[in-house]
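This report concerns one protein chain and selected features of its fold. The sequence and model are shown below.

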Amino acid sequence: MYRVASAWEYLAITGFGIDDIRLAKKAWIFPGQSCTVFDVSPVNYTFEVQAMSAEKLPFILPAVFTIGPRVDDEASLLTYAKLMSAHDKLSNHCKDLVSGIIEGETRVLAASMTMEQIFKGTKEFKQQVFEKVQVELNQFGLLIYNANVKQLVDVPGHEYFSYLGQKIQMEAANKAKVDGAEATMNGEIGAKMRKGQTLQNAAKIDAETKIISTQREGEGTKEEIRVKTEVKVFENQREAELAEANAELAKKKAGWSKEARVAEVEAAKAVALRDAELQKEVERMNALTTTEKLKAEHLSKASVDYETKVQEANWELYTKQKAAEAILYEKEKEAAAQKAIADAAFYSRQKVADGELYAKQKEAEGLMAVAQAQGLYVKTLLDAFGGNHSAMRDYLMITNRMFQEMAKVNAEAVRGLQPKISIWTNGGEAAGGGGGGDAMKEVAGVYKMLPPLFKTVYEQTGMTPPSWMGALPDSKHLASD
């Protein structure tokens, strides 16, 4: 289900796939999840807090607080959703919670201040109440959007503010009377003072007018003399500057004339020097030409021979270097081939060793499996014989053909000794008939053969037959037979 919250609402989603609480304005609500819609708009709470000042004077503080969830902080909004969203903002629960915090903090703060401090510092008192209440509301995710503290009101029976107002009214009336008398006195004195000041100011103005007139005439004369003097000084300065300029011009004309004559002399000498230098350069070039010609004639052959020998030496050196490089390359290839052969042999031996190791491991595992199977087989046989080791031993000897092997070994041992062999028989084999009678005779013959066989086994090995197969015959019985 898709849920959308209004502009003043939030969705609190819990349940499957959510660790704690997820807040959203719109979301899909899946099976196994729960969604609660809570209002985040602020609400006005009106209180009349009864408090007492430090002088034990009671009073009533009417106040209106606008309080709501802190929507700009996700952690505070989560706290509000956990603790307060289940209750309506206008319910007694929320109102009692907020009023309890505001009344408690207001009373504590008022008890630390005098009535005069509370009355005169209403703004500071309001700010302190605001800050202390906000600290307590933070743990519920609430924020004070606005707080208005109205005029302090007396508690019935304690008319402090009424008496204070009457005092202020009386002081204002008395002050008004004093101010009226002072105003009358100041009016009469002021009228006299204004009249005298008018006469004084008129005389003072006449005197100042005469003084200023005389000063203005003297200043005019001084200004005229000063201007004439400055004009004369300016004229003298201009004449001196003109004379100085004429002298400077004459000096510059003389210098320019001197420099012109010197430049003419220097130009003539420079032309002569340049002519001599060019002549010297021509002679030097002629000498160099002659020298190069002689060098070309005498040294050309030597240079050719030298270059030829240098080229031959370079070719021989290059041939030897290439031969050495070829030998080095062959040696490197041989070394690489030997290394490859050695690596192949090492890899082959390693694989053979790994194969042998794997075979040994599998053989050991097979032996361990056989040993475990044999142990289980022996344990099963021993349990089948009821723990009788002798019976299990005899059974194993019979099943493993131990008696036949012992007889064969004994026969091999006495071969060639021509021992005396006694044969026991019932003496009735020759007179036998056919059919079932002959078969019973064979069985009877085998059964009669067992006692002497057991006797022989006992004499040679010391082993007695099991009780279920028979017992050894005594000496008399053997002799009679």
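Predicted model: local features only at pLDDT ≥ 70, side-chain atom pairs only at ≥ 80, totals over all residues.

**Strands 6 and 7**

Strand 6 spans residues 43-52 and presents two faces: V43, Y45, F47, V49 and A51 make up the covered face, while N44, T46, E48, Q50 and M52 lie on the uncovered one. In a regular strand, side chains alternate between the two faces of the sheet. Strand 6 runs antiparallel to strand 7 (residues 58-69), and ten bridges join the two. Within this pairing, Q50 of the uncovered face stands opposite I60 of strand 7. The hairpin formed by strands 6 and 7 has five residues between the strands.

**Positive phi angles**

| Residue | Phi | Location |
|---|---|---|
| K56 | near 65 degrees | hairpin of strand 6 and strand 7 |

**Nonpolar cores**

The largest nonpolar core holds 36 residues, of which F38, F65, I67, I102 and F125 touch the most other members. Elements giving two or more residues to this core include strand 2 (9-15), strand 6, strand 7, helix 1 (74-83) and strand 8 (142-149). Helix 2 supplies the largest share of this core, six residues. Leaving aside residues up to four places away in sequence, F125 touches L61, T106, L109, A110, M113 and I118. Another core, of eight residues, lies apart from the largest one; among its members are L11, I18, A24 and I29. In soluble globular proteins, nonpolar side chains tend to be buried together.

Notes: Residues numbered from 1 in each chain as written. Heavy atoms only, no water. Buried < 20%, exposed > 50% of the residue type's maximum accessible area, 1.4 Å probe, protein only. Helix = DSSP H or I, 4+ residues; strand = E, 2+ residues; numbered from the N terminus. Pairing = 2+ DSSP bridges. Core = buried A, V, L, I, M, F, W, Y, C linked by side-chain atoms within 4.5 Å. Contact = heavy atoms within 4.5 Å.
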